[in-house]
Amino acid sequence: MTSGSFKKAWDRFFFTPISPLPLAWFRIFYGTCVTVTLLLLHSEWLDWFGVHAWVTRSTMARVEPGVRLDLFSVIPQDDRWIAAFFWIFLVFALMLTAGLWTRVSSVFVFLCLTSIQQRNLYILNGGDVFLRVTGFFLMFAPAGAALSLDRWIAIRRGRQGSEPKPILPWAQRMIQFELAFLYFTSAWWKLKGHTWVNGTALYYVFHLHALARFPLPDWIRAPVLLKIGGWMTILFEFCLGVFIWIPRFRYPILLLGVLFHFTLEYSLNTPIFQWDVLTAYVLFIDPADLERLWYSVRSHLTPALESLGSRH
Amino acid sequence: MRSTVVRPSTAKDRLVIDSMVAKNNPATVPQKSQRKRTYRSGQAESGNGAHSAASDGNDFRPGLISAFILFHLIAIICWGLPWQARPVQTVNAILRPYMLWTGLFQSWNMFAPDPTPLNSYVKAVVITRDRHLKVWNFPRMEELNLSQRYRQERYRKFQEVLPDIANQALWPDVATHVARMFASEADPPDRVMLIRFSSPIDPARGESEESPAQPWDFYDDYIDPGDLK
C-alpha cells in the first residue's frame, strides 16, 4: 500500500460523510446505560462517593496521585453538594439520551462519569471503563444530528430539513475502534493466563458463588464443555476484534456477539456490563438496514396499536 | 430463429440486463438494488450535497483531526495492550499523565490473565469500649435476591480487591466507615478487625468437596475517636 492509497483509505474511513442514524442510536443506548448505572448506585451515592465514603478522597489522592479530570476536587466536600452533583449528573444523562443540548450534555456526562470513576477506582468493572472511554469520543461526535430533541427543535424552527444531514464519522470510528480493541486485547490478556490456555478458566468463573446469577444446566458445566467454551471465548473475542471490520463477516460476528453477551448476562451477575458493551454494536450496522428494521417494526406495531385504539 | 442466451460477463452487463428486466417487470428486481441507498456506512452518494471534508485543500481541520486521531490511536494501543516491549513502555511513561488526566486509561483484563481461584467474603468485627462485639457483614451476593444483587454488586467487586496487600492504604478508611455505623456516645467503637473468609476453587476436587472458608484477619487496629466526627 502506497502512502497515497493509505491517505485515501484514511480519508475515506474517517472523513467521508455517513448517515447520523447509527450514532444517534448509540447516543440513546449510551445515555440509557449511564442513567441506569446512576440509578443502581442511587441508594449508595454517599457510601461510595460521599465525604465519609468507604474510601476517602484524601486516600484516593494518595494511592492514585496525579492531576485528573475530577469534579470532586472543585465541589465543596459536603454530602449535600455531592448529592446535588449526582442529581445534576442524572439530569444531563437524561438530556443526552433525549438529545437535548447534546454537545453540552455529552461533555457534562463525560466529566461527571470520569469524576465518579476517578473518585473510587475500586468498584469499577469493564462496562464502566467502556462507558468512560467511549464517552470521551462521544463529546466530539455530532450525536444530536438525528433522533434528538435538538433536531426536532431545529426542524420546527425551520433551521433543518426533513432529512438529517450526513456527518463526519471520525469520532464514531474511534468509538468503534474502542469496541474492537476491547475484544482483541481481552483475547490477548487471556492468552497470558495458564487457566485459559489449559481450559480450566471457565470452571473458576462458574464456581465463583458471588458472581452467579441464574443457574446453568449441569451438562454445560461438564469439564470438556467448559474447556471448549474457554477456548471458544478466546477465539471469539479475537474474531470480534478483527473480523468486525470486514463487511462480509460483520453481521454474523455481531449476532454471535449478542448471543455471547446475553449468555453472560444470564449466567453472571455483572450489572449492565453486557449492555454497556452492546451499546456500540449499533455503530456497525448499515444505516439502510437500521431504517429497514425500523419500518418493519413500525409496520407490525401500527396495526396492533390501531386495533387497540379502536377497541377503546 | 435460434434464441440467444445472454450471459452477463461483467457487473456492468448485469446492471444493463437488470434495468432491461425492470422495464418489463419491476417486481423481479431485487429490493436492495431498487431501494435508494442515500447512505452507506463508510461511503457517500455523490451529488447529494455531502462532501468529504478532506477534499477541501484550504481547510486545515482534517489535518488537525487526523493528528488527534493518530495520537489517540497510538496512546490507547500502547496503554491497553499487555505488551512489555520497551518502545511501548516508553510511550506509556511519556503519555501517562495525559491518559490519567483524561480518563482514557484502560485495561481489558476481565477474568484475565486468570480468574480468581477463591470464593471469598469480608466481615468486620467491631469491639466497643465496653468490650461488646458487633459484626458487620459486607453484602454477600449469594445471600441476596436478584434485585439486591443487581444493586449491590459493587460490594462484590470491593470485597474482591480490598484484602489485597497492594490496597492496604484503604483499610483504615474501611475500618473507620464500619466503626461509624456503630458510633455511640454511650459505648463508642474502640477497635475494628477486617476478616476475609475464603475457600479455594479446585477443579481437581470438584463441587462436592469445597472446603470450608478459612478466616484471615488482614486488618486490626484501634479507632481514633476523632475520626468518627
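Ala, Val, Leu, Ile, Met, Phe, Trp, Tyr, Cys and Pro count as nonpolar, Asp, Glu, Lys and Arg as charged, and the others, Gly among them, as polar. Keep that for later.

Now the ground rules. This is a predicted model, where local features need pLDDT of at least 70 and side-chain atom pairs pLDDT 80 or more, while totals for chains, interfaces and linings use all residues. Residues are numbered from 1 along each chain as its sequence is written, chains are lettered from A in the order written, and side-chain values use heavy atoms, without hydrogens and water.

Let's start with the interface. Contact means heavy atoms within 4.5 Å. By that rule, 93 residues of chain A touch 81 residues of chain B.

How is the size of an interface often given? As the accessible area lost when the parts come together. Here buried area is the accessible area (1.4 Å probe) that two parts lose on being put together, summed over both. For chain A and chain B that is about 8,200 Å². Carbon and sulfur atoms give 65% of it. On the chain A side, Trp54(A), Tyr122(A) and Trp189(A) lose the most area to chain B. Together they make up 11% of what that side buries.

Next, polar contacts. The term means a pair of N or O atoms within 3.5 Å; within protein, one must be able to donate a hydrogen and the other to accept it, and residues adjacent in sequence count only if both atoms are side-chain atoms. Between chain A and chain B there are 24 such residue pairs, both at pLDDT 80 or more. Helix α9 of chain A, residues 170-191, gives the largest share of the side that touches chain B: 13 residues. Helices here are DSSP runs (H or I, at least four residues), strands likewise (E, at least two), numbered from the N terminus. That side of chain A divides into 55 nonpolar, 19 polar and 19 charged residues.

On to salt bridges: a side-chain nitrogen of Lys or Arg within 4 Å of a carboxyl oxygen of Asp or Glu. Over all chains, the count is 14. How many cross the interface of chain A and chain B? One. Asp128(A) pairs with Arg154(B) at 2.5 Å, N to O. Asp128(A) sits in helix α7 of chain A and Arg154(B) in helix α6 of chain B, so the pair joins two chains.

Last, two backbone points. Most residues other than glycine have a negative phi, and most peptide bonds are trans. Leu147(A) has a positive phi, near 50°. Leu147(A) lies in the loop between α7 and α8 of chain A. The peptide bond from Ala112(B) to Pro113(B) is cis, with omega near 0°. Pro113(B) is in the loop between α4 and β3 of chain B.
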